[in-house]
Amino acid sequence: MNETDFAWLAGAVDGEGHLDASFRNVGKGALRSPGALKCLQVRISITNTKPIFINKVIVIFKELTVPFNIHVDTRTRKNAAFTVAATGRKNLRKLLPKIIPYLTCKKEEAEQLLLLLDYLDSRPTKKQGASEFIFEDPQILQKMEQIKQIKYNDFVKVDEFLAVKQGQMSGLT
């Protein structure tokens with residue numbers, strides 16, 4: 001594994017990837033049960049329709065000994081879309097430090113996700129005497145909101161860019 005592979009993976013994440021931190025219900029009947037336990041899931045996923053592209057992602061994940069899942073979506077496309085996803089703090093701790101130096105579009109998001117992981121690792125669990133459950137912790141909720149805000153700000157920037165471009169185009173006529 002070399003730096004070129006990490007730079008390539010960063011480009012794949014920037015262009016075709018998704019970083020996420022969200023609460024998931026766990027346990028029997030978790031999806032429908034309002035009283036289900038909640039856990040925080042951190043995830044990195046990359047989606048593409050080219051098997052050779054997805055295979056390179058898989059090779060890098062395997063080299064880093066990061067377990068992953070593959071989902072194939074054939075519902076809405078002429079070509080199947082393949083998604084490779086890795087979840088869990090330990091796995092993202094292996095991946096993020098390797099690709100952050102090479103990220104551009106999702107660099108801030110990845111850095112905030114790493115800060116969230118740092119906080120989670122330093123925080124006592126409820127069993128260890130934490131005053132609140134993980135899904136009630138205001139610092140966790142704030143960090144998750146910051147990650148979502150970065151994504152929202154990127155959409156606003158695109159809208160502003162398109163508005164400026166539209167103004168420039170209408171000035172040409």
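**Charged pairs, core and a lysine**

Reply: Let me start with D118, which is partly exposed at 37% relative accessibility; please keep in mind that this is a predicted model.

Me: Which residue does D118 form a salt bridge with?

Reply: The partner is R93, and the closest N and O atoms of the two are 2.6 Å apart. The pair links distant parts of the chain, with D118 in helix α4 (residues 107-122) and R93 in helix α3 (residues 89-99), 25 residues apart.

Me: And is R93 buried or exposed, or something in between?

Reply: R93 has a relative accessible area of 29%, so it counts as partly exposed.

Me: What else does the side chain of R93 meet in a salt bridge?

Reply: R93 also meets D121, with 2.7 Å from N to O. Because R93 lies in helix α3 and D121 in helix α4, this pair ties together parts that are 28 residues apart in sequence. D121 is itself partly exposed, with a relative accessible area of 44%. Salt bridges with shared partners join R89, R93, D118 and D121 into one network.

Me: How many salt bridges are there in the whole structure?

Reply: The search finds 5. One of them is between K56 and D5, where the closest N and O atoms are 3.6 Å apart. This pair, too, links distant parts of the chain, since K56 sits in helix α2 (residues 51-63) and D5 in helix α1 (residues 3-16), 51 residues apart.

Me: Staying with α1, which of its residues are buried?

Reply: Those buried in α1 are D5, F6, L9, A10, A12, V13 and D14. The helix has 14 residues and reaches 19 Å from its first C-alpha to its last, which is close to the 20 Å expected at 1.5 Å a residue.

Me: What happens at the start of α1?

Reply: There, a side-chain oxygen of N2 comes to within 2.9 Å of the backbone nitrogen of T4.

Me: Changing topic, which residues touch the most other members of the largest nonpolar core?

Reply: That core has 38 residues, and L96, L113 and L116 are the ones that touch the most other members. At least two residues each come from α1, β1 (17-26), β2 (37-48), α2, β4 (81-87), α3, α4 and α5 (138-171), and α4 gives the most, with 7 residues.

Me: Now the lysine, K106. Where is it placed?

Reply: K106 is in the loop between α3 and α4. The residue is buried yet has no salt bridge, and the nearest side chain of opposite charge, that of D14, is 5.7 Å away.

Me: What does the side chain of K106 reach, then?

Reply: It reaches the backbone oxygen of G17 at 2.7 Å, and a polar atom of the K106 side chain lies 3.1 Å from the backbone oxygen of V13. Beyond its neighbours within four places in sequence, K106 is in contact with V13, D14, G17 and L19.

Technical notes: Residues are numbered from 1 along each chain as its sequence is written. This is a predicted model: local features need pLDDT of at least 70, side-chain atom pairs count only at pLDDT 80 or more; totals for chains, interfaces and linings use all residues. Side-chain values use heavy atoms; hydrogens and water are left out. A salt bridge is a side-chain nitrogen of Lys or Arg within 4 Å of a carboxyl oxygen of Asp or Glu. Helices (H or I, at least four residues) and strands (E, at least two) are DSSP runs, numbered from the N terminus. Buried means under 20% relative accessible area, exposed over 50%, partly exposed in between (1.4 Å probe, protein chains only). The expected span of a helix is 1.5 Å times one less than its number of residues. A polar contact is a pair of N or O atoms within 3.5 Å; within protein, one must be able to donate a hydrogen and the other to accept it, and residues adjacent in sequence count only if both atoms are side-chain atoms. A nonpolar core is a set of buried Ala, Val, Leu, Ile, Met, Phe, Trp, Tyr and Cys residues joined through side-chain atoms within 4.5 Å. Lys and Arg count as positive and Asp and Glu as negative; His and the chain ends are not counted. Contact means heavy atoms within 4.5 Å.
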